[in-house]
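User: Please show the protein so that it may be examined step by step.

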Amino acid sequence: MFTQNSKMEEELTPHSDPSGKLPARDPGTAATTGGTAPIGGVFEAISRGESFVTETHEELAAEDPVVGIEDFDLHYGATQALFGVSMCVPRGKVTALIGPSGCGKSTLLRSVNRMNDLIDGVQTDGKMTLNGDSIYGRKVDVIELRKRIGMVFQKPNPFPMSIYENVIYSLRIDGVRDKNLLDEVCELSLKGAGLWDEVKDRLNSNALRMSGGQQQRLCIARAIAAEPEVLLLDEPCSALDPIATGKIEDLIDQLRGHYSILMVTHNMQQASRTSDYTAFMYLGRLVEYGPTGEIFMQPKLRETEDYVTGRFG
Ligand SMILES: Nc1ncnc2c1ncn2[C@@H]1O[C@H](COP(=O)(O)OP(=O)(O)O)[C@@H](O)[C@H]1O
Ligand SMILES: [Mg+2]
């Protein structure tokens, strides 16, 4: 069953000034839909366009970064969507990106595997690395990069072909013909995505006939068949019912350790249940980043507390 999430569609878009520097809309009103907390401090500084340093908890310094992001800006034409984002994505861990709709979560996620290259007028500045290699370097083969950094979107997007062909798609692109190898990768990937038992007897049936939750696990199987170093998940459960959502969350838990996962979620419970680290974004800035338990139970900034306790957003 598919449910449309209206919150995900609504956007708290700051209309930037022509210089792209200042979000014009007052975050005090943008951010308090339905809430009562006065917004000040960090948010006011952000809305005045002042430079702002992320509150990064010290535990992150002990992590081994698979992706490094340094002072990363992104503009869509004249509109700036990311402002000096600096963070690492810890290897083998699940990191959740949270924040109000329109704060730049998807933009940041898409920047990591350069999906934003496909959008006209996008300009980036700053540095991103994958295992120390520049992601935005001139010599980077973007197709190869996207194999190393797989992505799963909000709406499951299986290709209109069989379950089997969906899973081994990246190997077909690479020209792999060894049937035994293809069969093996198909089985391992479907097992890895917790889908094997449900589909092993109908691998040749069309993937579009699967349920939404199965389709999303198939997309995860397709992503892991390429043996990525990082998995990007953009609200992977937002189109799914609670049971299918639970299965994806279990799956994320099982992938922990084998994969480094950066996941956008608008669901606070999901972030607290599934992630090791949580990064709170607001108006294109990374506000606070730390162990999930601390972000939810003892955040360092009042603004983070207001958001995770549902006082705004
Ligand atoms: N393709 C695009 N072209 C122009 N502006 C965009 C595009 N995608 C997103 N934006 C803008 O960038 C900002 C961040 O959007 P997005 O990354 O989608 O936020 P989130 O995922 O947190 O809801 C918003 O102001 C949005 O309107
Ligand atoms: Mg988004």
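User: Which residue stands opposite isoleucine 149 in E8?

Analyst: This is a predicted model: local features need pLDDT of at least 70, side-chain atom pairs count only at pLDDT 80 or more, and totals for chains, interfaces and linings use all residues. Residues are numbered from 1 along each chain as its sequence is written, while chains are lettered from A and ligands numbered from 1 in the order in which they are written. Helices (H or I, at least four residues) and strands (E, at least two) are DSSP runs, numbered from the N terminus. In E8, the residue opposite isoleucine 149 is valine 230.

User: How many bridges join E7 to strand E8?

Analyst: Two strands pair if DSSP finds at least two bridges between them. E7 and E8 (residues 230-234) run parallel, and the number of bridges between them is four.

User: Which are the edge strands of the open sheet of seven strands?

Analyst: The order of this sheet is E1-E11-E10-E4-E9-E8-E7, with mixed pairing. An edge strand here pairs on one side only, and this applies to strand E1 (55-56) and strand E7 (149-152).

User: What angle does the direction of H4 make with that of E9?

Analyst: H4 packs on the sheet and touches strand E4 (94-98), E7, E8, strand E9 (260-264) and strand E10 (277-282). Contact requires that the C-beta atoms of two residues, placed from the backbone, lie within 7 Å. Axes are lines fitted to C-alpha atoms, for helices over the stretch in contact, and angles run from 0 to 180 degrees between N-to-C directions. On this basis, the direction of H4 makes with that of E9 an angle of about 150°.

User: Which element gives the most to the shell around ligand 1?

Analyst: The shell holds 14 residues, and the closest are Tyr76, Ala81, Lys105, Ser106 and Thr107; a residue is near a molecule if its C-beta atom, placed from the backbone, lies within 6 Å of it. The elements that give two or more residues are strand E3 (79-90) and helix H4 (105-112). With three residues, the one that gives the most is H4.

User: Which residue in the turn between E10 and E11 has a positive phi?

Analyst: E10 and E11 run antiparallel and are joined by six bridges; threonine 278, for instance, stands opposite glycine 290 in E11. The two strands form a hairpin with two residues between them, and the turn residue with a positive phi, about 45°, is leucine 283.

User: Why is one side of E3 and of strand E6 left without a neighbour in the sheet?

Analyst: These strands belong to an open sheet of four, in the order E3-E2-E5-E6, with antiparallel pairing. E3 and E6 (133-134) stand at the edges, so one side of each lacks a neighbour because each has a single partner strand.

User: How many residues of H10 are buried?

Analyst: A residue is buried if 20 or more other C-beta atoms lie within 10 Å of its own, exposed if 12 or fewer, and partly exposed in between, with C-beta atoms placed from the backbone. Helix H10 (residues 212-225) reaches 20 Å from its first C-alpha to its last, close to the 20 Å expected at 1.5 Å a residue; the expected span is 1.5 Å times one less than the number of residues. H10 is largely enclosed by the rest of the structure, because its buried residues number 13 of the 14.
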